[in-house]
Amino acid sequence: MDTYLETIRAAFFFFPFIAFFLSIPFILWQYHKLGSISFLKSVIFYCFALYLTCAYLLVILPLPKVEEVARMTSPRAQLIPFDFVADFIKHSKFQLFDISTYLPALTESYSYVPLYNILLTIPFGIFLRYYFQLNFKQTIIATFLLSLFFELTQLSGLYFIYPRGYRLFDIDDLILNTFGGLIGFLVAPIFIKILPSRQSLDAKTRLRGRQVSGFRRTAAFLFDLIIFLTLFTILDFTLSSSFKNDYMPFLIAATIYYFLIPLCLKCGTFGIKFLSLQVVDSENSTNLAQFFLRELIFTVIYLILPMIIFIILENLFTLTVYEEFIFFIFCIAYFIFCGISALRFIFTSKPMFYEKISKTHLVSTIIDENS
């Protein structure tokens, strides 16, 4: 029991790191499909992620030393179905006609190990039916595949990190885990009655998604920034030797991503399109000239200007004392401006200055299914 508790503690320790990496695709996908994020749906999703973390760590922990595993001579696999039943009958204290043996028998490994294997996947079956809306057959197959993944993890010695498997590949675990998923599927209606349905959650979220929140446009901005920086890195690696100016790959990447690609995507970047947004003018129509004005102001202020500041910093020794003073005053004012802009961009849905100048704004392309 102490081993199980230690494993669960380890899962709670690692979960914040796992949740951080899961958050990015989860947030992007929710904005893409629904235009907003449901708090309850997020809680359910992270509970599912925490459950899988606990289940996985229960399978692999505690980790032995490589030398200990190398000296193991025990069998690597148990391929006889329902062997746990024979072990229970043969070795357990359980006697059918002696009630006093019932409770002691439950405390033996012949009882609680199979029971734990069943309990391990009951939540999985519940999540699959309620959250992912899988049917009976799909739930059975998915649970079996999860169990098979766990068993192959053990058989391979944690993906060949160890010279051999340090835990037994047991066909009974596949049977018991799959049975646990079946039980989870059957008891899921209890939770379906208590919790709001997935359809109702999605409908409310989609209704909110018809408005553009600050967090949503921030997600689109970060999505674009990651792709832009990736493009810049590739161009810098492949083309830097072709230019005397080290900053040409940056300018080329900015031109391609923020001007040429939107031309093909009809006034939108990958981030804007993927998060179900659209740049429109004051009449809610796409206007190429106004869009390019918007992108020009944005790239000059938030991409080109920081690059110029960086260039000046590299050549600061060429400036006079007066020029240095003016430059640092400008930098302080610029960073204050960027900080205020960031707060406005993230925490409000108010139009930014480059939108006011270009007379453009973002609208959601999410459509209410009931409309």
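**Cysteines, overall form and nonpolar cores of the predicted chain**

The sulfur of Cys47 lies 11 Å from the closest cysteine sulfur, that of Cys54, which is too far for a bond, a disulfide being defined as a pair of cysteine sulfur atoms within 2.5 Å. Cys54 is accordingly in no disulfide, and by this rule the count comes to zero disulfides. With a relative accessibility of 40%, Cys47 counts as partly exposed, whereas Cys54, at 13%, counts as buried (buried means under 20% relative accessible area, exposed over 50% and partly exposed in between, with a 1.4 Å probe and protein chains only). The model is predicted, so that local features need pLDDT of at least 70 and side-chain atom pairs count only at pLDDT 80 or more, while totals for chains, interfaces and linings use all residues. Residues are numbered from 1 along each chain as its sequence is written, and side-chain values use heavy atoms, with hydrogens and water left out.

The protein chain has 16 helices and four strands, taken as DSSP runs numbered from the N terminus (H or I of at least four residues for helices, E of at least two for strands). Its radius of gyration, taken over C-alpha atoms, is 29 Å, well over the 21 Å that the globule rule gives for 371 residues, so the chain is more spread out than a compact globule; the rule is 2.2 Å times the number of residues to the power 0.38. Along its principal axes the C-alpha trace spans about 95 × 55 × 35 Å, and 40% of the 371 residues count as buried.

The largest nonpolar core has 32 residues, and those with the most contacts inside it are Ile60 and Phe124; such a core is a set of buried Ala, Val, Leu, Ile, Met, Phe, Trp, Tyr and Cys residues joined through side-chain atoms within 4.5 Å. Helix 1 (2-33), helix 2 (39-60), helix 6 (109-130) and helix 7 (136-155) each supply at least two residues of this core, the largest share, 12 residues, coming from helix 2. Apart from its neighbours within four places in sequence, Ile60 is in contact (heavy atoms within 4.5 Å) with Thr153, Leu158, Tyr166 and Arg167. A second, separate core of 26 residues includes Leu235, Ile261, Leu303 and Met352.

Leu235 is also one of the buried residues of helix 11, among them Gly214, Asp224 and Phe228. Helix 11 (residues 214-239) has 26 residues and reaches 36 Å from its first C-alpha to its last, close to the 38 Å expected at 1.5 Å times one less than its number of residues.
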